Amino acid sequence: GKLNLISTAYSTRKQKRFDLISRISEFKNVNVRHYGNWPKNIDHSNVNLNQTLSHKDLCKEITKSDYLLHPAEKDICPNSVVEALSLGVPVIYLDKGSSKEIVKDNGISIDIKNLANTLELAHEKNKIFKSNLRKNKFQYRIENVSEQYLKVFEKYS
């Protein structure tokens, strides 16, 4: 079947890599839904564009997805990545920020030179990632994450 991917963005900055979201949507084994804003100067190709949703409704949409697609560059601690993981949804991310550190073994880094391989790997590993996240998604819950943030601030203040 098709991989159901979801992406979200309020900002339309170039670093969000809408171009990659668009390119990924062109593969026939992929369905990409985007919630939020989309830049006017980038063709959305086969991306299904949707308006911004409430947090509660967006969480429901994320749980209907196989992966969160988050190709942003220089995103220091992306909330959408943490939230997707806490909902049990793995992440396809670009390894140009902190996503790799957050996602760990719960998703796949995008190979820009071989997007087809990235998507094939995502298809193969989806059930494994979701099974693992059912067991350890609590580590991404706000209660746990906020404690970790607090420890970092206490350590360096």
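Colleague: Let's start with Glu61. Buried or exposed?
Modeller: Glu61 is buried, at 15% relative accessibility. Keep in mind that this is a predicted model.

Colleague: Which side chain does Glu61 meet in a salt bridge?
Modeller: Lys64. The N to O distance is 3.1 Å.

Colleague: And Lys64, buried or exposed?
Modeller: Exposed, with a relative accessible area of 55%. The cut-off for exposed is over 50%.

Colleague: Which residues get joined into one network?
Modeller: Arg17, Asp19, Glu73 and Lys96, through salt bridges that share partners.

Colleague: What is the N to O distance between Arg17 and Asp19?
Modeller: Their side chains meet at 2.9 Å. Arg17 is buried, at 14% relative accessibility. Asp19 is partly exposed, at 29%.

Colleague: New topic. How many salt bridges does the count come to?
Modeller: Seven. One of them pairs Asp75 with Lys16. Their closest N and O atoms are 3.4 Å apart.

Colleague: Where do Asp75 and Lys16 lie?
Modeller: Asp75 is in the loop between strand E4 (67-70) and helix H3 (79-86). Lys16 is in the loop between strand E1 (3-9) and helix H1 (18-25). So the pair ties together parts that are 59 residues apart in sequence.

Colleague: Is that Asp75 buried or exposed?
Modeller: Buried, at 14% relative accessibility. Lys16 also counts as buried, at 15%.

Colleague: Why can such side chains pair at all?
Modeller: Because side chains of opposite charge can pair when their charged atoms come close.

Terms used. Residues are numbered from 1 along each chain as its sequence is written. This is a predicted model: local features need pLDDT of at least 70, side-chain atom pairs count only at pLDDT 80 or more; totals for chains, interfaces and linings use all residues. Side-chain values use heavy atoms; hydrogens and water are left out. A salt bridge is a side-chain nitrogen of Lys or Arg within 4 Å of a carboxyl oxygen of Asp or Glu. Helices (H or I, at least four residues) and strands (E, at least two) are DSSP runs, numbered from the N terminus. Buried means under 20% relative accessible area, exposed over 50%, partly exposed in between (1.4 Å probe, protein chains only).
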